[in-house]
Amino acid sequence: MSSPTAMIFGRYAAIDSPVHAMDARCKLTLLLVYIIATICTSTPLGLALCALFTFGFYCAARIPVRTALTCVAPLMIIVILTAIANLFFVQGGETLVILGPLGITENGLHQAIFMSVRLTVLLFGACLITLTTTALDITDAFESMLMPFARFGLPAHELAMIAGIALRFLPQFATELINTRNAQASRGASFTEGSLRERAHAFSALFVPLFASVFRHADTLAAGMDARCYHGGTGRTRLNQHAFHRRDALACAIVALQVAGIIVCTLLGV
């Protein structure tokens, strides 16, 4: 039986690759550019370019296909729901199927397919960052990028710490979910059978102890930080300093090439 943390989105994969060795700040910045470029893509060829560049970065990172699919799989429900919404609520063109008050048209089908592919590409791109970057590096990079705004009163260190704690709590939250579900199932709770009311009661028996456990861990963490005299980022040092290398410049050039290709495809309408 696979570990419950195996299904966590973006589980870090310890592999020696050029993408793993990149500066975390550069990776986060390129991810933001990548997301904007993919969202702005309005043509099939532009979307194909995004998918091609994403595949190329996965090859450079030496991430196995199974690992990538396993990390993205839990979030595919977002893609499915988006596809269903576009399929039934986007109208135009020839009507293909009529289901009661709703109908599926050519425009709705095309939009559902396009949005599904776009979201899938976005998920794989976001997953690549967390697969190739540790939670500590992401936290440090996030804090470093927010630090210029600290002079305006933005709590950069506190926001980065919250993000880091959230990332570190995900595996533990998944483990608690699996353990609580198994415990409730051993007591006779059924999450797939019975009436809607019975299943709702079963899920309440799952989420109440789960969230109680989460809050208990949060209290324990807060007590531990107080006991260690935590005072924020004052006087804090880092073992590994961020540095921009040639591989980061190469990655920036590749993403810039992707953006240029998307702009050309958009202008040509292909």
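Biologist: So axes are lines fitted to C-alpha atoms, for helices over the stretch in contact, with angles from 0 to 180 degrees between N-to-C directions. What angle do α1 and α9 cross at, then?

Modeller: Roughly 5°, and their axes come within 11 Å. This is a predicted model, so local features need pLDDT of at least 70 and side-chain atom pairs 80 or more, while totals for chains, interfaces and linings use all residues. Residues are numbered from 1 along each chain as its sequence is written, and side-chain values use heavy atoms, without hydrogens or water.

Biologist: Parallel or antiparallel, α1 and α9?

Modeller: Roughly parallel, going by that angle (under 35 degrees is roughly parallel, over 145 roughly antiparallel, 65 to 115 roughly perpendicular, the rest oblique). On the α1 side the contact is made by Cys26, Leu30, Val33, Tyr34 and Ala37 (contact is heavy atoms within 4.5 Å). Helix α9 brings Asp248, Ala251, Cys252, Val255, Gln258, Val259 and Ile262.

Biologist: Where do those two helices sit in the chain?

Modeller: Helix α1 covers residues 24–40, and α9 covers residues 246–268.

Biologist: And how do α1 and α5 cross?

Modeller: At roughly 175°, with the axes within 10 Å, so that pair is roughly antiparallel.

Biologist: Which α1 residues meet α5?

Modeller: Lys27, Leu28, Leu31, Tyr34, Ile35, Thr38 and Ile39. Across from them in α5 are Arg118, Val121, Leu122, Gly125, Ala126, Ile129 and Thr132. Tyr34 of α1 also turns up in the contact with α9.

Biologist: Zooming out, how many helices and strands are there?

Modeller: Nine helices and two strands (DSSP runs, H or I of at least four residues for helices and E of at least two for strands, numbered from the N terminus). The order is α-α-α-α-β-β-α-α-α-α-α.

Biologist: How much of the chain is buried?

Modeller: 33% of its 270 residues (buried is under 20% relative accessible area, exposed over 50%, partly exposed in between, with a 1.4 Å probe and protein chains only). As for contacts with a separation of 6 or more, 74% of them join residues 24 or more positions apart.

Biologist: Why does leucine 170 count as partly exposed?

Modeller: Because its relative accessibility is 37%. Leucine 109, in helix α5, is partly exposed too, at 32%.
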